Every structure is written in structure tokens, then in C-alpha cells.
Amino acid sequence: MALFTRGSVERVKEAVDMVELVGARTDLRRVGTRHVGLCPFHDERTPSFSVNAEHALYHCFGCGESGDSIKFVRETEGLDFAEAIEHLAERYGVELEREDEDPRAEEDRRRRDRLMRLLDRTATFYARFLWDAAEARGARAHLAERGLSDETLRTFRVGYAPSAWNRVLVAGQRDGYAPAEMVAAGVAQPGRDGGYFDRFRARITFPLTDPRGRVLGFGARAVRDSQKPKYLNSSENELYRKGRHLFGIDHARAPAAKAGRVVVVEGYTDVLALHGAGVEETVAIMGTALTPEQLTELGRAATTVLMALDADASGQEAMLRAARAATERGMELRVVALPEGSDPAELVAAKGAAAFERLLSAAVSVPEFEAGRVLDGADLASTHGRDRALELIRPLVAATPERSVVRDELVRRVTDRLEVPASYVTGASIAARGGAGARNGADASSSRDPGPPGADSGASAPRPPEPATRAPAEHAEQAFLAMCVGEPTPGRELLERAGAGYLSERLLPVRDHLLEHLSDPLADLPEDESLAALITEIAMLAEAEPSSEPVLRLSFLQLELRRADRDLRAAARERDYDGQRTLLAERERVREQLAELMGEAG
Ligand SMILES: [Zn+2]
């Protein structure tokens with residue numbers, strides 16, 4: 001079910017000033033009826049990015065990114081549809097109406113809102129106390145010693161909790177909060193005598209925020225050595241869940257989307273130090289092993305995850321498991337080798353940002369990293385030691401995708417060091433291979449969509465090709481089909497044109513079904529369960545994410561452009577010169593239509 005009423009979503013879209021929205025990300029210049037600028041999605045020197053203010057569309061003639069205001073916010077802020085709507089509603093002052101919410105859900109939401117307001121006020125209180133109070137002098141000195149600038153500390157709303165027992169409690173009560181609410185929000189605790197006291201006292205506080213910057217809890221660090229424990233977090237409550245959190249994600253999402261990577265570190269100060277050094281796409285996991293929830297959140301930020309953690313703290317099994325889970329989601333996990341006993345904050349302070357950037361670019365895949373550890377620790381002088389190392393390395397090699405650059409490189413490195421033939425290294429048992437390898441094998445026979453030029457540039461990168469290259473293309477196709485359902489009049493015409501070549505084989509039957517049942521896609525669902533599920537998914541997408549005719553047309557032109565590019569590559573391979581000429585003209589025609597759509601006057 002849609003979260004917001006269609007009417008209020010429409011009002012949000014109408015209220016958006018597209019030139020202002022995009023202009024906040026990249027400078028736009030007016031050319032005729034459209035606005036052009038440098039693309040915020042790829043690096044370029046001459047502008048190929050254009051904005052149509054009237055239809056609130058954007059399109060890049062360089063990298064092919066395009067969409068409406070909602071897609072723009074989703075891509076640049078790393079938000080989902082509902083979050084993007086809320087973001088825009090807030091920015092342009094539109095009141096959102098929710099679809100009939102049951103009274104219980106509404107009450108829960110109001111309570112959450114109230115507790116979050118309390119947490120936000122508390123964060124402001126702590127932050128002010130850090131800068132103003134004489135008592136916080138030691139804390140300020142401690143932070144400055146770590147090389148953290150005032151600006152960074154203020155960006156992350158770092159604060160200081162007073163040493164008194166009830167400052168937050170008193171302030172909260174003055175604002176109309178009951179002690180029980182303050183306990184629920186995690187800022188106060190019940191005492192033995194039936195009273196209450198502040199949970200955090202005489203500590204540096206770090207607000208733990210959700211991806212949208214809303215405070216859900218606090219992490220607090222002791223300033224004096226005598227204080228135990230050194231780190232104290234909010235206890236688990238209705239808002240804060242340990243293991244779901246990524247510290248700094250609200251500041252990291254947009255830079256991560258732009259950089260195509262997100263850096264994962266251990267602690268708060270590492271995030272602050274790297275942010276200050278310009279590596280803004282950094283988050284902390286605040287624990288040892290990466291949880292599935294955190295991985296999901298990271299995947300929404302970027303497809304490449306660089307783990308800059310203390311190597312010994314995270315176990316090999318946990319890292320391999322995380323790497324496999326990442327691969328299954330079309331993501332890639334790489335390990336940054338940190339010099340022993342140093343953390344990113346110290347490294348940046350001692351060696352500078354450029355040195356850390358070099359470490360980041362030298363990051364290797366998890367199996368490679370683990371194999372390196374085995375080799376470094378092995379007794380290579382003895383035959384027994386080499387056999388032992390081989391034994392440990394075989395499962396690591398087996399954990400890499402077959403026929404991949406990662407595996408080739410790993411095998412080469414190991415055979416060089418151990419002086420054994422490659423078959424000694426690759427001869428792992430099938431059973432040890434695990435789920436990922438088996439899946440890749442099964443998928444290898446299915447048709448592989450080469451995708452648009454540029455989108456498959458990752459093909460030579462060390463990752464298994466199936467999930468990584470197929471997902472974005474299919475996503476665009478699914479969005480197109482959903483828009484056809486949402487805008488049935490132009491939708492029918494475009495669906496008829498979008499035959500083989502426009503859509504992947506998996507989605508062609510969906511298109512056929514929609515042509516028959518465009519007004520009611522859920523009628524006469526086919527017996528094939530996975531096909532029926534796909535149709536249902538697309539019908540729900542159409543319901544949940546209403547679109548508009550110009551966006552639909554834009555989406556269709558992109559499918560057309562992609563088809564033309566693909567046919568063109570095929571013709572070039574076959575040295576079919578006549579075909580190439582025809583296709584070049586066709587592609588030019590599509591590009592002209594795109595330009596026209598982007599520059600249409602009202
Ligand atoms: Zn671009």
C-alpha cells in the first residue's frame with residue numbers, strides 16, 4: 001500500500017523547483033529553454049547534463065542518468081521513495097497526507113516523533129555544553145589533541161554530558177517530558193530509590209543518527225581513565241538498535257553516492273578525522289562484525305565498500321561471510337590494509353590525507369587479504385609450512401568467483417610465493433565452495449545483458465558479473481514497465497514498441513501480460529510463480545511510486561538508446577557496415593528526441 005496519498009505526492013512534485021533542487025548540487029546555466037551544467041553523477045569537464053524545469057526532468061547525455069525530482073533526490077541523497085518524498089515535502093513546505101493509517105500505527109508514530117524531538121533537544125544541549133561549559137575544558141582538549149577541527153565537531157554535533165546527576169532530566173521535564181519518556185528515549189535511567197538520573201555523565205557524546213540525520217541515541221566516551229566503561233552507548237530501546245547502526249551515515253550518503261564507494265571504520269573519531277580530511281564517505285560500524293542490516297544500508301550508499309578496520313578485530317570467517325553476502329547483493333567488499341596497531345584517525349593525523357587515500361586505492365578483495373595474512377604468517381622455508389598454508393588458502397580461493405580477475409590474481413600470487421603449480425591452489429573440493437560459487441555456475445547459462453556502454457565498465461573489475469551488471473539494467477526496465485501501468489495511455493503505445501531488444505528475456509513475458517491487462521495487471525496472473533511475482537511487484541511499484549508521462553517517455557528513450565548501442569556493437573563486431581550506418585542514424589534520432597524532450601518549451 002502506498003504510504004502517502006497520491007494527491008499529496010502530486011502536490012510535492014508540483015512544488016519542487018527543479019532548477020533550485022539540482023542547482024544545489026551543480027551550477028546550472030540557462031540555454032534556451034533548458035538548463036545545463038556539469039553532471040553530478042559522473043566526472044566531466046564540459047557540461048552534458050540538462051534540466052527541464054517545466055517537466056522537472058534531468059538527463060545526462062554523457063552517462064545516461066535521468067529521471068524526475070524524486071529520482072534525483074533518491075540518487076543524490078541515497079534515499080528510498082518514501083524518504084525522498086518526505087525530504088522534498090519538507091524542503092518545499094508541502095504537508096504530506098498519509099494513506100489511512102490505523103489509529104494504533106498513528107499513535108506509535110506520534111510517540112516516536114516525540115521521543116526523537118527529545119533526543120534532538122538533548123543533542124543540542126550536549127553540544128552547547130561542550131563549547132560553553134568550563135567543566136568541558138578537558139573534553140575539548142582531548143578532541144583537539146586528536147586533530148579534530150571545531151568545524152567537524154560541530155557538523156557531527158559532538159557534545160559533552162555534564163557530570164551532574166540530573167541536568168538532562170531537569171531540562172527534559174521543563175520541556176514537558178515525563179521521566180518515563182526520557183528512559184524510553186535512552187537519556188535517563190531509573191534509580192534504586194524510585195527516582196531517575198541522567199544516563200550519560202561527564203562524557204563526550206556522539207549523536208547516533210539515522211540516514212536522514214535524526215538522532216536515535218548516543219555513544220559516549222569517557223574522558224578520564226578512571227571512568228568505566230570507556231564507551232557507553234544508548235541501551236537498546238524502541239528507537240535505537242545496536243547492530244543496525246552506522247555512525248556518520250547521514251553525512252556519508254551523498255558523498256558515497258558520488259564517489260561510488262563507502263569507507264567503513266571502527267569508531268567515531270575515525271569517521272570525524274576522515275571526514276575532516278576530505279574522505280566524507282566514511283561510516284563506523286561501532287562493533288566488530290558487519291551485520292546484514294548494516295550491509296543493506298551500505299548498499300544503499302554505494303556498491304563498493306572499503307573496510308578500513310583493525311584486521312585482528314574482525315575474524316576471517318565473519319569477513320568472508322560478509323564478502324559473500326555483499327557479492328550476492330551485487331556489491332563488492334574490499335579490505336584496506338592498515339599498518340599494524342594504527343587506526344585511520346592516527347594515520348591521517350600522522351601521515352596526511354593523501355597517504356590514507358593511497359591505502360584506500362590499494363584495497364584488495366577479502367579472500368586476497370586473508371590469503372595475504374596466511375602467507376605472511378606461514379613458514380615458507382619448510383615443506384610442511386607450505387602445505388599448511390596451502391590448506392588454509394584453498395578455501396579462500398574457492399570463495400572467489402570462478403573465472404574472475406580476483407581469482408586469477410590470487411592464484412598467481414599464491415603460486416609465486418609457495419612455488420607450486422596452480423592446480424594445487426584451485427583444487428578445492430566442491431563442498432567447500434559455498435552458496436555463491438554454485439549460484440554463479442547455475443546462472444552462467446542464462447543470457448547476459450551487456451547493458452549500456454559505461455554501465456558495464458565494471459566488467460573488468462574484480463567482481464562476479466551477473467548481479468553487478470544485470471541489476472541496474474533490469475531495475476530501469478522494471479521502472480519503465482511500472483510507469484506504463486501508471487500512465488496507461490502513453491504506456492500502451494510505448495509497451496507495444498518495447499519488444500525484444502528493449503527488455504531482458506526475464507521481463508519480456510511481463511510486458512506481454514501487461515499489454516493484455518494494462519488496466520488491471522493483477523488479473524489472470526500466469527501460473528508461472530516467479531513471473532506472477534514479478535508482475536505483482538511491478539503493479540505494486542506502479543501503485544507506490546506514481547510517475548508522469550514525461551518521465552515515462554524519458555525512460556523509454558533510454559531503453560531505445562541502450563538497444564541502439566547494443567545493436568551497434570553487434571554490427572561492429574560483425575563488420576556490418578550498412579547496418580552500422582542505419583543504426584548510427586537511428587541512435588542520432590533517439591538522441592535528438594531526448595534533447596527535444598529535455599528542452600521542450602511550455
Ligand atoms: Zn552524467
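**Entry 1: a bridge and its strands**

I looked up Tyr58 and found that its bridge partner in strand S5 is Gly67. Tyr58 belongs to strand S4, residues 57-60; strands here are DSSP runs of E with at least two residues, helices are runs of H or I with at least four, and both are numbered from the N terminus. I am working with a predicted model, where local features need pLDDT of at least 70 and side-chain atom pairs count only at pLDDT 80 or more, while totals for chains, interfaces and linings use all residues. Residues are numbered from 1 along each chain as its sequence is written.

S4 and S5 (residues 66-68) pair in the antiparallel sense over three bridges; to pair, two strands need at least two bridges found by DSSP. They form a hairpin with five residues between them, and Gly64 in that turn has a positive phi of about 85 degrees.

**Entry 2: the other neighbour of S4**

I then checked strand S3 (residues 49-52), which pairs with S4 in the antiparallel sense over four bridges. Ser50 has His59 of S4 as its bridge partner. This hairpin has four residues between its strands, and Ala56 in the turn shows a positive phi of about 55 degrees.

Are the faces of S4 covered or open? Both are covered: Leu57 and His59 are buried on one side, Tyr58 and Cys60 on the other. Buried means 20 or more other C-beta atoms within 10 Å of the residue's own, exposed means 12 or fewer, and partly exposed is in between, with C-beta atoms placed from the backbone.

**Entry 3: the cores**

Next I looked up nonpolar cores, which are sets of buried Ala, Val, Leu, Ile, Met, Phe, Trp, Tyr and Cys residues joined through C-beta atoms within 7 Å. The largest has 82 residues, and Phe247, Val262 and Val283 are among those with the most contacts inside it. Helix H5 (residues 103-132) gives the most to this core, with seven residues. The core lies between domain 2 (103-233) and domain 3 (249-362), because both give residues to it; the domain bounds come from an automatic or database assignment.

I followed Val262 and noted that it touches Glu281, Val283 and Leu298, among others, not counting residues up to four places away in sequence. Contact means C-beta atoms, placed from the backbone, within 7 Å.

**Entry 4: the whole chain**

I finished with the protein chain, which has 26 helices and 16 strands. Of its 602 residues, 39% count as buried. Its C-alpha trace spans about 80 × 70 × 50 Å along the principal axes.

Definitions and conventions
Contact = placed C-beta atoms within 7 Å.
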